[in-house]
Amino acid sequence: MAEINFNNAKADNYVLSTKLSLKSLNRRRSSVQNIMMYSADETKQLIGESSDKDKYIRPVLDMYFNKSFNKKHEITLNAVGTYYDSDYKYDYRELLGNVVDFETATDISTDKYSFIGDAMYSLNLKSSQLFVGTRYMYNNNSQKNIAGPNSIETNEVYSYVGATGMLGQNVNYNVSVGVNHNAFATLDNERYSFTYFRPQLSIGYFIDESSDLMLNYEVNTQTPSISNLTYNPYYKDPHYIYVGNPNLKPSNIHNVSLSYYKGFKKFVINPEIGYSYANDAIVPLIIQSDNNIAETFGNLENARNIKASLFVQWFPFEGNLLRLRMFSEVYHQANKYDTDEWVHIGYTIVPSIMMAYRKWGLQLYYQTKKENLLGQMLRIAPSMAYAELSYIPMKAMTITAGIRYPFYDAWKLTSMTYGTELMSRIEAERIINNANMVYLNFVYNFSG
């Protein structure tokens, strides 16, 4: 990884920033799995062997420009260009004894380039700011694999208008409305086009100098990707396939939240409640397809998520000698598809400790596992923990030593079927090298 930056600015006039970065990867890895295959007739114990080779190169150019005129008018321009060239080879087979029972291979070569352009104009008034802008995104992706070549061209335009400012002495607001247009074209000249609105509203009320209320509402849209829309069967084992769904349509996701903040001399409390509702949410589903069980994507009738969270921070001593933080959240998810409905209740707890004494700093962090229901799949993100000790030997230098996932045998991400009688499946991805990972970070700031 390499990166170079150039910045030029004049106070209250303009800012020009350019960044060129390069990432390159060349990796090989292999794994062995123990597999139990259950059916009505027999139970088989197999050994799964996989190996993959993965390499890519990705340069990115990011240019940013901001200019002010008479303190009232301001324009912002941002352009990002990327290129991505990669090769990926994957082989997998299942052995029953010494006999190959199932095997598959993947060989993918990708050539991709993209452009993102942003332009915004804002007018600063006495107690408010008006803004209007547009964003254009272009992506061209060419791919070669075992099945043959594939090409995807994507165009997206997002235009918006809005206002932000104060109403009186106690109310601030930010309101905007945008229109998003997506267009896809494939190698077979299959074309998809989606247009949708994206309103957003944020209102804050300052109760006093140390407390406030904040209401947020926004609409986002989940757009199906080309891989979701392409049927293209892929066999995961002799009786289990993955297929895309050409009939998918975008999903509108409504999010509303209300939060309260109160600060005391040595204590901060921030509770929040939130609700999200999605029409036609795009989620993975398990269905019966001829003599196979198929995993695909479908549009739910609706998906709802109710959550309540609490963040507290305590400073037991003067200054920042010690900070104790705790974040907790409980949530209720409900997904409805046709006549079926799946409900899941989960929680997350995140305690952390930060200490600072002269040139030394210590941070301890822990997060419980997080469960998320997506249609008929329950995905369980692993718990997280790390400890970092930092030292500042001089003003511009910081040295940090840390350990990530201490006392773990492996990092593990689990996915399992939920609420279906067609099959029962649990998949666990384990990365042993991420457990008990010790690292050293050295930072030196060069000032002009």
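## Model and overall build

Buried residues have under 20% relative accessible area, exposed ones over 50%, and partly exposed ones lie in between (1.4 Å probe, protein chains only). This is a predicted model, in which local features need pLDDT of at least 70 and side-chain atom pairs count only at pLDDT 80 or more, while totals for chains, interfaces and linings use all residues. Residues are numbered from 1 along each chain as its sequence is written, and side-chain values use heavy atoms, with hydrogens and water left out.

The protein has 448 residues, and 32% of them are buried. Its secondary structure is one helix and 27 strands. These elements are DSSP runs numbered from the N terminus: helices (H or I) have at least four residues and strands (E) at least two. The C-alpha trace spans about 75 × 50 × 50 Å along its principal axes.

Contact here means heavy atoms within 4.5 Å. Take the contacts between residues at least 6 apart in sequence: 54% of them join residues at least 24 apart. The protein exposes about 27,500 Å², with 56% supplied by carbon and sulfur atoms. Accessible areas come from the Shrake-Rupley method with a 1.4 Å probe; for residues, only the protein chains shown count as cover.

## Nonpolar cores

The largest nonpolar core holds 11 residues: Ile152, Phe184, Tyr192, Phe194, Tyr196, Ile226, Leu229, Tyr242, Leu248, Ile282 and Phe297. Strand S9 and helix H1 (226-229) are the elements that give it two or more residues. S9 supplies the largest share, three residues. A second, separate core has 10 residues, including Ala281, Leu285, Leu300 and Leu378. Such a core is a set of buried Ala, Val, Leu, Ile, Met, Phe, Trp, Tyr and Cys residues joined through side-chain atoms within 4.5 Å.

Beyond its neighbours within four places in sequence, isoleucine 152 is in contact with Asn139, Asn140, Asn141, Ala185 and Ile226. Threonine 154 sits in strand S7 (residues 148-167). Threonine 154 has a relative accessible area of 15%, so it is buried. With residues up to four places away set aside, threonine 154 touches Met137, Tyr138, Asn139, Ala183 and Phe184.

## A buried valine

Valine 312 belongs to strand S17 (residues 302-314). Its relative accessible area is 19%, so valine 312 is buried. Residues up to four places away aside, valine 312 touches Phe267, Val268, Ile269, Leu324, Arg325 and Met326. Valine 312 and leucine 324 are 12 residues apart along the chain, and their C-alpha atoms are separated by 8.2 Å.

## Nonpolar surface

A nonpolar patch lies on the surface, with about 940 Å² of accessible area in total; among its residues are Val175, Leu201, Leu213, Val256, Ile273 and Ile306. Strands S9 (191-208), S10 (211-222), S13 (251-263) and S14 (267-279) each give two or more residues to the patch. S9 gives the largest share, four residues. Isoleucine 273 is placed in strand S14.

Patches are built from residues with over 30% relative accessible area and no salt bridge; like charges are joined within 9 Å, and nonpolar side chains (Val, Leu, Ile, Met, Phe, Trp, Tyr) within 5 Å.

## Salt bridges

A salt bridge puts a side-chain nitrogen of Lys or Arg within 4 Å of a carboxyl oxygen of Asp or Glu. By this rule there are 15 salt bridges. Arginine 93 and glutamate 49 form one of them (3.1 Å, N to O). Arginine 93 is in strand S4 (residues 73-96) and glutamate 49 in strand S3 (residues 43-69), so the pair ties together parts 44 residues apart in sequence. Arginine 93 is partly exposed at 35%, and glutamate 49 is partly exposed at 28%.

Arginine 135 meets aspartate 118 in a salt bridge (3.1 Å, N to O). Arginine 135 is partly exposed, at 29% relative accessible area.

Glutamate 295 and arginine 425 also pair (3.5 Å, N to O). Glutamate 295 lies in strand S16 (residues 292-299) and arginine 425 in the loop between strand S25 (411-417) and S26, so parts 130 residues apart in sequence are tied together. Glutamate 295 is buried at 9%, and arginine 425 is buried at 11%. Glu295, Arg425 and Glu427 are linked in a salt-bridge network.

## Positive phi in two loops

Most residues other than glycine have a negative phi. Arginine 358 has a positive phi, near 55°. Arginine 358 is in the loop between strand S19 (340-357) and strand S20 (360-367). With 75% relative accessibility, arginine 358 is exposed.

Asparagine 436 has a positive phi of about 50°. Its loop runs between strand S26 (426-431) and strand S27 (437-444). Asparagine 436 is partly exposed, at 38% relative accessibility.
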